[in-house]
Amino acid sequence: MTSLYGVIRGEAPKFIDGNTKSFTGLYFNVEDETFEFYLAAKMKNDPAWISVTELMKQGASVFMQNKMQECQESVPFWISHVAALNRLDAIKSMDIHIQTVSGPDKTIDVVVEIFNNVNSGGTKLSKGDLALAKICGEWPQARDEMKKILAKYRAAGYDFTMDWLLRCITVCLTGQPYFNALSQIPSDEVKKALPKTDEMIGTCLDHIGTRLGLDHARVLGGVFAIATMIGYLRYNNWKLSGSGEWVRLLYWYVHTFLWGRYAGSTESMLAQDLNTINRGEGVDGLIRQLKQSRGDLTIRPEDFWGWSTGARFYPLLYLLTRTNHSRDWGTNLELSSNLLGKNSSLEVHHIFPKDLLYKAGKSKSIVNSLANYAFLTKETNIAISNRSPDDYIPEYRAKCPGAMDTHWIPTDPALWKLENYEKFLEERRILLAQAANKLLQALYNGQLAEAAIQDFSAKAYATPCPEEEEIEAMSAWMAAHGLDEGVNNHELLDDSGNVTAIIDLAWPHGVQHGLSTPLALLLNETAETQAMVSKYGYRYYTSVEELQKYIQSNYLQ
């Protein structure tokens with residue numbers, strides 16, 4: 001029905017979020033009676049191909065008269081095909097039976113299951129899709145308004161999905177995560193709740209950015225925890241008692257992304273945490289839930305065994321740098337967000353240069369170990385370049401005494417040598433774990449230093465690194481063609497919920513949800529990662545160009 005609506009009018013309905021070109025270029029061949037989307041090389045000089053929308057708008061008789069007036073010689077041609085034109089035009093007058101499935105037991109879960117079973121050959125529907133469709137049916141501008149909010153945060157460096165925003169709206173309105181509850185709410189109330197949800201998201205991002213220094217998508221882990229934080233604010237009439245309460249809530253937030261609280265069954269975990277809040281158990285209750293599922297929240301050196309900027313503990317390393325008064329090795333500038341300024345960003349520095357390690361035969365995972373990362377200003381990162389640590393560390397220790405110690409760099413000169421790289425990593429993991437536990441204990445005790453809350457949710461985000469730019473460009477290219485943008489830094493989990501690989505850009509359910517093979521973009525990844533991704537059923541590409549060629553030939557023809 002939606003397709004007929006769009007083709008007959010020549011434009012997409014207001015509530016559609018997808019490839020709107022599918023409503024504007026449908027053509028019909030009056031000789032063999034086939035349908036295809038417009039291709040100039042094939043159809044431009046062939047009168048047998050006609051615009052379906054043009055026929056539908058004018059009606060068969062008017063359409064034929066106009067065609068015959070354009071060229072008198074074509075009169076016999078059009079008369080010979082009048083039956084086909086009338087049959088096509090008559091589609092508008094067909095009676096189509098609508099089977100109503102209703103009843104108090106028809107929750108969103110049930111309706112989505114029914115739809116997906118009946119529509120097994122089409123695009124799969126999610127619970128969020130159905131809830132949003134209902135809202136847009138009553139308020140056609142809803143999706144556009146929500147997209148404006150997502151675009152605002154994207155400009156500030158955050159990467160949120162429509163499903164995530166819908167969860168936040170649902171929690172803001174109901175205190176629960178279930179889309180079924182959202183579908184029962186009048187669209188006017190949803191409309192009124194949107195600014196409040198936007199405000200609360202901004203409040204959470206501002207506190208996370210100011211107090212923890214986590215100020216962009218790459219380091220903002222566990223984004224669904226923000227929905228729970230909104231639920232906590234809602235329970236407390238949208239305002240917390242003071243800085244100490246915020247700090248303890250941030251302690252809980254950090255542990256949610258360290259241990260993947262919402263990486264598995266998001267809705268059930270959200271429901272569990274929101275129920276804890278609504279029972280009045282507060283932050284202590286949320287922390288207790290984490291301890292029950294985790295057992296122990298102590299950070300250990302082996303927790304920093306991860307690698308790449310997609311690792312769960314990568315944001316913690318960034319957080320430590322931002323909050324621990326770490327100083328730049330070359331300028332002695334403190335690397336806290338308020339001193340760097342809104343438009344500044346830190347760069348990842350490999351303490352042992354990548355080129356040096358690759359030439360020594362080290363694997364990508366060892367080269368990009370978290371314990372080999374430090375965050376510095378761009379100026380210092382460029383100045384150090386590819387120099388060996390045993391060459392540049394003495395120089396910078398003399399230039400800015402104590403600055404390197406604020407990055408937990410082992411002080412034993414023997415560990416700065418290439419042959420002792422693994423021992424260097426081992427020692428630095430110990431230092432990082434000690435620093436992390438000290439900071440987290442301060443958060444738990446509500447003892448983080450006071451700070452003026454900055455507007456991180458509306459800042460202008462600095463230019464990302466080349467690899468990030470490629471990933472963002474690929475997402476934007478997909479969106480421009482009306483396709484799913486994909487998921488950045490998608491965690492590939494095993495049956496036990498452990499991360500086995502980080503995919504730069506993934507389509508876990510395929511470009512066409514549930515109907516196509518899971519797809520992945522892997523930039524500069526190891527053969528081991530590629531094999532793991534392939535093992536889990538993904539078709540992967542190692543360059544944006546090759547992936548775009550695949551999309552062009554399979555989904556855009």
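This is a predicted model: local features need pLDDT of at least 70, side-chain atom pairs count only at pLDDT 80 or more; totals for chains, interfaces and linings use all residues.

Trainee: What makes the pair of F304 and F313 edge-to-face?

Mentor: Rings of Phe, Tyr and Trp (its six-membered ring) pair if their centres lie within 6.5 Å; planes under 30 degrees apart count as stacked, over 60 as edge-to-face and the rest as tilted. The ring centres of F304 and F313 are 5.4 Å apart and the planes stand at 70°, so this pair is edge-to-face.

Trainee: How do you know how far apart Y392 and Y396 are along helix α22?

Mentor: They are 4 residues apart in α22 (residues 389–399), so about one helical turn separates them. Both Y392 and Y396 are buried. Helices here are DSSP runs of H or I with at least four residues, strands are runs of E with at least two, and both are numbered from the N terminus.

Trainee: How many helices and strands does the protein chain have?

Mentor: The protein chain has 26 helices and 9 strands. Of its 557 residues, 47% count as buried, and its C-alpha atoms fill a box of roughly 95 × 55 × 40 Å along the principal axes.

Trainee: What span does helix α23 have, and what is expected?

Mentor: The expected span is 1.5 Å times one less than the number of residues. Helix α23 (residues 421–444) has 24 residues and reaches 34 Å from its first C-alpha to its last, close to the 34 Å expected. Its buried residues include Y421, F424 and L425, and among the elements covering the buried residues are α12 (187–212) and α14 (243–258). Such covering rests on contact, meaning heavy atoms within 4.5 Å. After α23 comes G446, with a positive phi near 70°.

Trainee: Which residues touch the most other members of the largest nonpolar core?

Mentor: W252, Y253 and V254 do, in a core of 91 residues. The helix α14 gives the most to this core, with 10 residues. A nonpolar core is a set of buried Ala, Val, Leu, Ile, Met, Phe, Trp, Tyr and Cys residues joined through side-chain atoms within 4.5 Å. Leaving out residues up to four places away in sequence, Y253 touches I208, L212 and L214, among others. A second, separate core of 21 residues includes A374, A403, M404 and L415.

Trainee: Why is one side of β2 and of β3 left without a neighbour in the sheet?

Mentor: The open sheet of 3 strands has the order β2-β1-β3, with antiparallel pairing. β2 (35–37) and β3 (49–51) stand at the edges with a single partner strand each, so one side of each has no neighbour in the sheet.

Trainee: What makes β1 and β2 count as a pair?

Mentor: Two strands pair if DSSP finds at least two bridges between them. β1 (residues 26–29) and β2 pair in the antiparallel sense over 3 bridges, and F28 has F35 in β2 as its bridge partner. β4 (residues 347–350) and β5 likewise pair in the antiparallel sense, over 4 bridges, with A374 in β5 as the bridge partner of H349.

Trainee: Why are E33 and H325 put in their accessibility classes?

Mentor: E33 has 39% relative accessibility, so it counts as partly exposed. H325 is exposed because its relative accessible area is 51%. E33 sits in the loop between β1 and β2, and has a positive phi of about 55° although it is not a glycine. H325 lies in the loop between α17 and α18 (337–340), with a positive phi near 60°.

How values were computed
Residues are numbered from 1 along each chain as its sequence is written. Side-chain values use heavy atoms; hydrogens and water are left out. Buried means under 20% relative accessible area, exposed over 50%, partly exposed in between (1.4 Å probe, protein chains only).
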